[in-house]
Amino acid sequence: MDIQKYLPQIVETIQNAVRIKTVLDTPVEGGPFGKGNKECLEYVLSVADKLGFKTKNLDGYCGYAEVGEGDELVGIIGHLDVVPEGDGWIHPAYSGELVDGEIWGRGTIDDKGPAIISLFAVKALMDDGMKFSKRVRVIFGCNEETGSKCVEHYLEVDDPISYGVSPDSEFPVIFAEKTINNIELKGKSSLGKDVKLVRLDGGIVINAVPDICKFTIDANGKNAEEIAAKIESNLKANDIKSEHKIDGERIDFSVFGKAAHGSIPQCGVNAISYSLDALKDVVNCDFVRIYNTYISTCVHGEKLGCYASDEYGDIAVNVGLCKFENGEYSIKINSRLPFSTDTNTMFNSIKKTLKCENGVEIVLMSDSEGFKIDPNSKMIQVLTSAYRKVTGDVKIEPICTPGGTYAREFSNCVAFGPEMSGYGEMIIHQPNERISLEAIKAIFEIYHTAYGDLINEVSFKK
């Protein structure tokens, strides 16, 4: 397959989609997730329509491009919404700039780029003259990052898929996804007996390691310069960068960590956790004490009493959002669980650990159960084989991931690409997300091969 026939339009479509900011926003008519998501969905469906697909917009929640006839429905499910851009971009987050062979912008990897490449991979199969004895549907969701309400709506109003993939993770293929939950710890606290913590605010989304946390200190008659120096010294001891400004007795700090996906908190530096660590011998209040006693800078729930592990790794426990203001605190935790435990066990373990802390409320915000498919099944082997055939990497094996994709929302569905080594940095949920033209070519070829085999060689028909 000569990708050069499709590459210019793939690049243009990705660039145009990236230029539409698709973070969760105020609902508009025909756009339950905001104006940007509405416009991007309409744009991508218009491209699909011109390519010869039958398209349908499902009330702005999601939409799809379809080809073929038959009893079975093969789904390729991607998403157009993105996490907020954050700071620290070399090229603007919604520019779609093509620089040195890379398209820059939020969504290039997660997940506008792969969804659009998938659309063109199916178009190439159509141009090959392939007979589609099954319906093939490229689905574009608009709410994957913040609740997957788009998929809930899809399943209420349209046909469930027979089987399929979500191009929203890693190659060669994901055969298992861990359970994901969100838990909030909240309560009331004094500001401090001497030096006071006035406010603290960290994080952008719950499923990312926060790279910035801001807090304000009231010196309350103490030497503000000395207090700021102590906090700065505590941060430097952990090699954490910060900035601060003193205005009388008020001290405003900005603390900088390193962003990472919430599924791999060990790969980031949590600005919230290190901010509170730096305050533990400066501010004497319950919020600071509770955080450092039961969470601290741990990323596997050791101090919360919920540590668990299995052959696929340790539990991942990430504080993605934290706020303290007017004496009230909220700590929001995103976790990825080994198959050796479950949300109920984890929740009860945390309750037991915190039982002596009167006034701490523990709330289960959400729970998404994971799944595991036999790695030797026909579908997994077909997808793995396609990846190996294109890349020549015959040693790589199917993966269990702590990440969560649309695959868990459907039957007989797994995540498939686009992340792989050797094609430039593939950054998600961090600044400077981008995709190289070489990666686009490789992903297109893998998808073109895999989707053809998936349609022709796999069946879940009873």
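Ala, Val, Leu, Ile, Met, Phe, Trp, Tyr, Cys and Pro count here as nonpolar, Asp, Glu, Lys and Arg as charged, and the others, Gly among them, as polar. The model is predicted: local features need pLDDT of at least 70, side-chain atom pairs count only at pLDDT 80 or more, and totals for chains, interfaces and linings use all residues. Residues are numbered from 1 along each chain as its sequence is written, and side-chain values use heavy atoms, with hydrogens and water left out.

On a 1 Å grid over the protein atoms alone, a cavity is a set of points where a 1.4 Å probe fits but cannot get out, and a pocket is an open set with protein on both sides within 12 Å along at least five of seven lines; lining residues have an atom within 4 Å of a point. Grid points are joined across faces, edges and corners, and a volume is the space filled by probe spheres set on the points.

| Void | Volume | Lining by class |
|---|---|---|
| Largest cavity | about 160 Å³ | ten nonpolar, five polar and four charged residues |

Of the 47 residues that line the largest pocket, Ile180, Asn207, His261, Arg336 and Gly404 lie nearest its centre. Strand β21 gives the largest share of this lining, four residues; strands (E, at least two residues) are DSSP runs, numbered from the N terminus.

The structure holds one cavity of 30 Å³ or more. Its lining has 19 residues, with Ile204, Ala208, Asp211, Ala259 and His429 nearest the centre.
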